[in-house]
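Here is a short briefing for a first look at this model.

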Amino acid sequence: MKTDNSTQSMEKKNYRCSLLGHRYVETKKINLHFSEYECSVCKNQATNDSRGNKINLTSKLKDINETLFYLNLKKQFLNRFYFQKKEE
């Protein structure tokens with residue numbers, strides 16, 4: 001039986017991650033508390049939950065993170081240009 005090399009290498013990557021754990025790299029900083037991560041070996045995506053634990057990134061969580069990211073940008077913009085401290 002002949003196996004495809006790409007599936008064979010993917011099995012090795014998944015085996016490595018299941019045995020030794022994922023090697024997460026931060027791909028997107030949402031705000032001070034939330035980030036998105038991706039495993040550099042198997043490309044598994046994860047995010048933080050409310051307690052700081054890493055959980056798998058679903059489409060629903062991805063939408064929530066995107067909304068939080070844009071709300072954070074809006075807050076930073078308003079604080080920088082409209083609510084500046086006046087220097088006297």
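Strands E3 and E4 form a hairpin with five residues between them. In its turn, Gly52 has a positive phi of about 95 degrees. This is a predicted model, where local features need pLDDT of at least 70, side-chain atom pairs count only at pLDDT 80 or more, and totals for chains, interfaces and linings use all residues. Residues are numbered from 1 along each chain as its sequence is written, and side-chain values use heavy atoms, leaving out hydrogens and water.

**Strands and hairpins**

- Helices (H or I, at least four residues) and strands (E, at least two) are DSSP runs, numbered from the N terminus.
- Two strands pair if DSSP finds at least two bridges between them.
- E3 pairs with strand E4 (residues 54–56) in the antiparallel sense, over three bridges.
- Thr47 stands opposite Ile55 in E4.
- Strand E2 (residues 35–39) runs antiparallel to strand E3 (residues 45–48), and three bridges join them.
- Glu36 stands opposite Thr47 in E3.
- The hairpin of E2 and E3 has five residues between the strands, and Lys43 takes a positive phi near 65 degrees there.

**Aromatic pairs**

- The structure holds three aromatic pairs.
- Among them, Phe69 and Tyr70 have ring centres 5.5 Å apart and planes at 70 degrees, so this pair is edge-to-face.
- Phe77 and Phe81 form a tilted pair, with 5.0 Å from centre to centre and 55 degrees between the planes.
- Rings of Phe, Tyr and Trp (its six-membered ring) pair if their centres lie within 6.5 Å; planes under 30 degrees apart count as stacked, over 60 as edge-to-face and the rest as tilted.
- Phe77 and Phe81 both lie in helix H2 (residues 59–81), four residues apart, about one turn of the helix.

**Charges over rings**

- Lys28 lies over the face of Phe69, at 4.6 Å from the ring centre.
- The charged end of Lys54 sits over the ring of Tyr37, 4.5 Å from its centre.
- The test asks for NZ of Lys or CZ of Arg within 6 Å of the ring centre and within 35 degrees of the ring normal.

- Phe69 counts as partly exposed, at 22% relative accessibility.
- Phe77 also counts as partly exposed, at 43% relative accessibility.
- Buried means under 20% relative accessible area, exposed over 50%, and partly exposed in between (1.4 Å probe, protein chains only).
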